[in-house]
Amino acid sequence: MAKKSNKIVYAVALVLFLGGLSYLIFSGLTQDSVYFLNVTEALAQDRTAIGNARLFGKVSPQRLAIADGKLGADFDLVDKVRHDKTLRVEYKGALPDTFKADVEVIVEGRFSPDGQVFLAKTLVTKCPSKYEEKSKQMDMQQGQAG
């Protein structure tokens, strides 16, 4: 009789554990999902339903407005492949030193309620190619020395 009750306790514990684990996975995926999109993909979707998103593209030199002290910027984000596709971005916060027109950026945030403007919480610029080249050279030198 004791063996039967132990099996039931283990079965109940397993069901509770798996149920709890499933709930955590499901709630974590639905609440914290961040879509990674280019400009063309974002324009093709219902922007009011996207929620959190991460967009990448280039900063257009047209309509670029940088706030005093580099504490924010409003700009058009241009798709890297389809240059005719743009999205308006508003960012409030300290801008990286490398932020300027024609630089590649990744912005994370959400669309305004009307879906017309992307309200960025974070903005990261891609390292200029001169730094990438220098980094590759350093890696090659370290590989030869090691």
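Helices (H or I, at least four residues) and strands (E, at least two) are taken here as DSSP runs, numbered from the N terminus. The structure is a predicted model, in which local features need pLDDT of at least 70 and side-chain atom pairs count only at pLDDT 80 or more, while totals for chains, interfaces and linings use all residues. Residues are numbered from 1 along each chain as its sequence is written, and side-chain values use heavy atoms, with hydrogens and water left out.

With that in hand, the overall layout comes first. The protein chain contains three helices and seven strands, and their order along the sequence is α-β-α-β-β-β-β-β-β-α. Contact is defined as heavy atoms within 4.5 Å. Among contacts in the protein chain between residues at least 6 apart in sequence, 49% join residues at least 24 apart. Of the 146 residues of the protein chain, 27% count as buried; the classes used are buried (under 20% relative accessible area), exposed (over 50%) and partly exposed (in between), with a 1.4 Å probe and protein chains only. The chain exposes about 10300 Å², of which carbon and sulfur atoms supply 58%. Accessible areas come from the Shrake-Rupley method with a 1.4 Å probe, and for residues only the protein chains shown count as cover.

Asp102 is found in the loop between S5 and S6, and its phi is near 70°, a positive value in a residue other than glycine. Gly93 also has its place in the loop between strand S5 (86-92) and strand S6 (104-111). Beyond its neighbours within four places in sequence, Gly93 is in contact with Lys70, Leu71 and Gly72. From C-alpha to C-alpha, Gly93 and Thr122 are 7.9 Å apart in space, although 29 residues separate them in sequence. Another positive phi, near 60°, belongs to Arg63, a residue of the loop between strand S2 (52-59) and strand S3 (65-66). Arg63 counts as exposed because its relative accessibility is 56%.

Strand S1 (residues 35-38) holds Asn38, which is buried because its relative accessible area is 19%. Polar contacts are pairs of N or O atoms within 3.5 Å; within protein, one atom must be able to donate a hydrogen and the other to accept it, and residues adjacent in sequence count only if both atoms are side-chain atoms. The side chain of Asn38 has a polar atom 3.1 Å from the backbone nitrogen of Thr40, and it reaches the backbone nitrogen of Glu41 at 2.8 Å. With neighbours within four places in sequence set aside, Asn38 is in contact with Leu55, Phe56 and Asp79.

Aromatic rings were examined next. Rings of Phe, Tyr and Trp (its six-membered ring) pair if their centres lie within 6.5 Å; planes under 30 degrees apart count as stacked, over 60 as edge-to-face and the rest as tilted. Three aromatic pairs are found in the whole structure. The pair of Phe111 and Phe118 is edge-to-face because the ring planes stand at 75°, with the centres 5.1 Å apart. Phe111 counts as buried at 7% relative accessibility, and Phe118 is buried with a relative accessible area of 0%.

Helix H1 (residues 2-31) includes Leu21, which is partly exposed because its relative accessible area is 39%.
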